[in-house]
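Hi,

Here is the structure I promised to pass on. Have a look, and my notes follow below.

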Amino acid sequence: MTESAKILRDLEKEDIRILMAIEIGMRRSEYVTISNIRFYSRYPMEETLFRLKKVHKLDLTIRDSSQNEIAYTLNSKGYDMLALHALVEKNKISQLGPLIGKGKESDVYSCMDDEEHIYALKVYRIGRTSFKNIKRTRSFLGERSHFSWLYANRLAARKEFRALKKLYHLKLNTPKPVAVNRHMIMMSYLRGKELAYYQYIENPAKIFNRIIKEVKIIFRKANMIHGDLGEFNIVVDEKGNILIIDWLQWVSSTHPNARALLERDIVNVSNYFRKKYNVESNPSKIIQSFYK
Ligand SMILES: Nc1ncnc2c1ncn2[C@@H]1O[C@H](COP(=O)(O)OP(=O)(O)O)[C@@H](O)[C@H]1O
Ligand SMILES: [Mg+2]
């Protein structure tokens with residue numbers, strides 16, 4: 001992201017407007033012709049061409065010259081610029097930090113606000129890496145004919161942000177949502193690492209119980225099931241504080257598969273603590289207690 005921060009500083013408002021014009025055009029088709037970019041930006045042709053040349057040189061776009069008219073599409077770096085620009089303009093972010101995590105379909109960076117508070121910035125990267133990711137996304141993309149990675153990522157960010165907002169009311173150990181823009185979510189950060197990456201933790205039984213207790217409150221009060229709970233989506237710090245992250249695939253407790261998904265979540269966590277720390281538990285009893 002240090003590279004992104006540098007590019008962002010070099011961009012003028014005209015460059016941002018050209019990128020936004022391509023973004024608008026991408027609602028209709030993946031590549032946007034120069035005349036459409038000109039139309040959406042409302043710049044004269046000369047300015048349009050000048051700006052296109054600049055952003056292309058900065059490696060923010062992909063050019064297609066195989067058709068009659070040259071057309072452009074944003075690459076993920078170009079899309080990053082738009083989201084970062086917006087978050088900076090809204091005074092949410094003032095500095096970008098290093099990569100702190102890489103998930104199945106996201107890159108997570110640290111970032112800072114004016115007051116030097118540190119946050120996590122989750123950047124969705126769906127649909128560009130593997131088919132599996134696309135399939136998972138399709139389920140909530142619905143019947144949209146032209147699959148747009150841009151749209152998929154924006155939708156994912158919005159869905160997770162909404163989940164974080166619902167959860168935040170419960171005042172539990174879930175990330176506080178701070179801002180969302182396009183494919184990026186800014187949220188509170190816990191300085192630690194995934195449960196999976198600890199060789200050993202103090203008081204594993206206590207941590208296990210804390211996780212189950214939270215999952216139960218979330219189920220009962222917010223009617224939400226995580227859906228992908230496990231040692232990779234629980235961040236733990238040195239003091240044993242936890243943060244249950246990665247809420248994209250949450251489902252409501254009224255979902256037809258709710259019970260099976262809840263069971264899988266609980267069994268995952270129970271198995272992990274049993275195998276790694278000899279913490280015994282009875283998943284079916286735990287699940288029963290959720291429905292009482
Ligand atoms: N709020 C956060 N605080 C600390 N680390 C985080 C936070 N959110 C994400 N991470 C780190 O980034 C990684 C990927 O985030 P995650 O939300 O699980 O994305 P994915 O859906 O791609 O798995 C996590 O495993 C974790 O290491
Ligand atoms: Mg994850």
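Domain bounds here come from an automatic or database domain assignment. For this chain, that gives domain 1 (2-78), domain 2 (90-188) and domain 3 (193-291). Keep in mind that this is a predicted model, where local features need pLDDT of at least 70, side-chain atom pairs count only at pLDDT 80 or more, and totals for chains, interfaces and linings use all residues. Residues are numbered from 1 along each chain as its sequence is written, and ligands from 1 in the order in which they are written.

So, what surrounds ligand 1? A shell of 18 residues, with S106, K122, S188, E194 and D246 the closest (near means a heavy atom within 4 Å). Domain 2 and domain 3 each give at least three residues to that shell.

- a ligand nitrogen lies 2.9 Å from a polar backbone atom of S188;
- a ligand nitrogen lies 3.2 Å from one of L190;
- a ligand oxygen lies 3.1 Å from one of E105.

On its own ligand 1 exposes 550 Å², and the protein buries 96% of that (Shrake-Rupley, 1.4 Å probe).

Elsewhere, the C-alpha centres of domain 1 and domain 3 are 44 Å apart.

Cheers

Technical notes
Heavy atoms only, no water. Polar contact = N/O pair within 3.5 Å; in protein donor to acceptor, adjacent residues only side chain to side chain.
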